[in-house]
Amino acid sequence: MTEPSGPPKSLEWRSSAEREAALFSALPGLLRAAQQLPALGERLRGVDPESTTSRKALARVPVTRKGELLQRQIASRATDPFGGFSAIGWRSMARHGAHRVYQSPGPIYEPEGAAPDYWRSARALRAAGLRAGDLVHNSFSYHLTPGAWIMEAGAHALGCTVFPGGVGNTELQLQAIAELRPDAYCGTPSFLRILMEKAAETSVSIASIKKALLSGEAFPPSLRDWLSERGIQGYQAYATADAGVIAYETEARQGLVVDEGILLEIVRPGTDDPVPEGEVGEVVVSVFNLDYPLVRFGTGDLSALLPGPCPTGRTNLRIKGWMGRADQTTKVRGMFVHASQVGDIVKRHAGVQRARLVVEGEMANDRMIVRVEHSGPADGLEQALAATIKDITKLRADQVQVVAPGSLPNDGKVIEDARKYT
């Protein structure tokens, strides 16, 4: 398999064994750096970095979810807007090195260090066909959030020139495209469609754009085909403001390849437990960035691992792409029920593999049904589960059903709100 031109490339084609060895050789250093920070030091108390050198050992490290990060930030706004998760900052924080700081919904504040291609977007851009010398029209927002800067840093790392289009100002952006004739577009798929439809309506040519890296929202095959029919090959990247680029699409169009700077796991929502390959769960990442050393960070997004390597020859893990949100907290009879509580129910009963809490009925008339997969004899299990459910959730289950392994849907849901809101 011949590798495409342009840096960085060689890591994508190393053997899976070589990659795993490199990742777990670097993991103890990441853990040591994380333990020096107030929030992560508390979270990782008792974790021995030197013995955390395998996926089995990593699975014993607690997952830190975005909601916990937000709460830590809120609690320490006056002294540390990063909540004890960042190794960089500025003078009033008694540390320095932050190149920029961003605000995402929550609000959550994220630091940017000075390293080139800080969010590792160059691989995703290269997989989308961008090369040195290309002009990139970047229509991600340059305000508050890091989206535009994520793509700009990667484009510069590849040797591209960037036009900072930002969001809105459709007519001015079309004028710039017509006059500058960029080779590529970065932004949301919906805004690219708006630009193309407006260009057709006003007879403005944007035919120079032949390739696009799209992110920030769903990119369905129907829109991909619509763009292709009009001469643009669009590829998607999965990224977050916290972790940067996590995975990206290739010309194979078979899932998303995990970035080389990420150690990715899929865990059962509400738990720390990895799921088998193919099962839908929450995307959890460890990011090898000593400025912001996130360890087992729960993104809150659902996905699943695909079997085998990418047909392009890239050997890293592949995920199906974004499949929804993992935070399934719901209110039943005035009480909040969390995905983590369903996980606690499973842990209390040997042989129970998965569980799903279904809320049915109409407004003010909730019915709670709990279904569990169990492989052994179920004598007395329903009654025992009912007692556990009441102990953990403080709610009575209207029905407990024990079903065969594999009976529950593979959609990542552990709480399903099936109520009718009329």
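Trainee: Which elements each supply at least two residues of the lining of the second largest pocket?

Mentor: In this predicted model, the second largest pocket has a volume of about 340 Å³. Of the 18 residues that line this pocket, R65, G67, E282, A326 and D327 are the closest to its centre. The elements that each give at least two residues to the lining are α4, β13 and α10 (339-347).

Trainee: How many residues of each class does the lining of the second largest pocket have?

Mentor: The lining of the second largest pocket consists of 18 residues. Divided by class, these are 3 nonpolar, 9 polar and 6 charged residues.

Trainee: Which residue in β13 stands opposite R65?

Mentor: R65 is one of the residues closest to the centre of the second largest pocket. Within β13, the residue opposite R65 is G298.

Trainee: Which element gives the largest share of the lining of the largest pocket?

Mentor: The largest pocket holds about 1100 Å³ of space. Of its 42 lining residues, S215, G216, E217, Y238 and A239 are the closest to the centre. At least two lining residues come from each of α4 (66-75), β3 (108-112), α6 (147-158), α9 (221-229), β8 (233-240) and β13. The largest share, 5 residues, is that of β8.

Trainee: How many charged residues does the lining of the largest pocket have?

Mentor: The lining of the largest pocket comprises 42 residues. By class, 19 are nonpolar and 13 are polar, while the number of charged residues is 10.

Trainee: What is the order of the strands in the open sheet that contains β18 and β19?

Mentor: Strand β18 (residues 352-362) and strand β19 (residues 365-374) run antiparallel and are joined by 10 bridges. Strand β18 is also joined to strand β21 (residues 415-417), by 3 bridges, and these two run parallel. The open sheet has 4 strands and mixed pairing, in the order β20-β19-β18-β21.

Trainee: Which strands of that sheet stand at its edges?

Mentor: In the order β20-β19-β18-β21, each edge strand has a single partner strand, so one side of each lacks a neighbour in the sheet. From one strand to the next, the twist averages 20°. The strands at the edges are β20 (399-403) and β21.

Trainee: In β19, what is the bridge partner of L357?

Mentor: L357 has I415 as its bridge partner in β21. For V352, the bridge partner in β19 is H374. The partner of L357 in β19 is V370.

Trainee: Which strands of the sheet does helix α11 touch?

Mentor: Helix α10 packs on the sheet, touching β18 and β21, and its direction makes about 130° with that of β18. Helix α11 (residues 381-393) also packs on the sheet, its direction making about 125° with that of β20. The strands touched by α11 are β18, β19 and β20.

Trainee: At what angle do the axes of helix α7 and helix α8 cross?

Mentor: The axes of helix α7 (residues 170-180) and helix α8 (residues 189-202) come within 10 Å. The contact is made by T170, E171, Q173, L174 and I177 of α7 and by F191, I194, L195, K198, A199 and T202 of α8. The angle is roughly 75°.

Trainee: Which residues are the closest to the centre of the largest cavity?

Mentor: The model has 3 cavities of 30 Å³ or more, and the largest has a volume of about 90 Å³. Its lining has 6 nonpolar, 1 polar and 6 charged residues. Of the 13 lining residues, the closest to the centre are E279, R354, G412, K413 and V414.

How values were computed:
Residues are numbered from 1 along each chain as its sequence is written. This is a predicted model: local features need pLDDT of at least 70, side-chain atom pairs count only at pLDDT 80 or more; totals for chains, interfaces and linings use all residues. Side-chain values use heavy atoms; hydrogens and water are left out. Axes are lines fitted to C-alpha atoms, for helices over the stretch in contact, and angles run from 0 to 180 degrees between N-to-C directions. Contact means heavy atoms within 4.5 Å. Two strands pair if DSSP finds at least two bridges between them. On a 1 Å grid over the protein atoms alone, a cavity is a set of points where a 1.4 Å probe fits but cannot get out, and a pocket is an open set with protein on both sides within 12 Å along at least five of seven lines; lining residues have an atom within 4 Å of a point. Grid points are joined across faces, edges and corners, and a volume is the space filled by probe spheres set on the points. Ala, Val, Leu, Ile, Met, Phe, Trp, Tyr, Cys and Pro count as nonpolar, Asp, Glu, Lys and Arg as charged, and the others, Gly among them, as polar.
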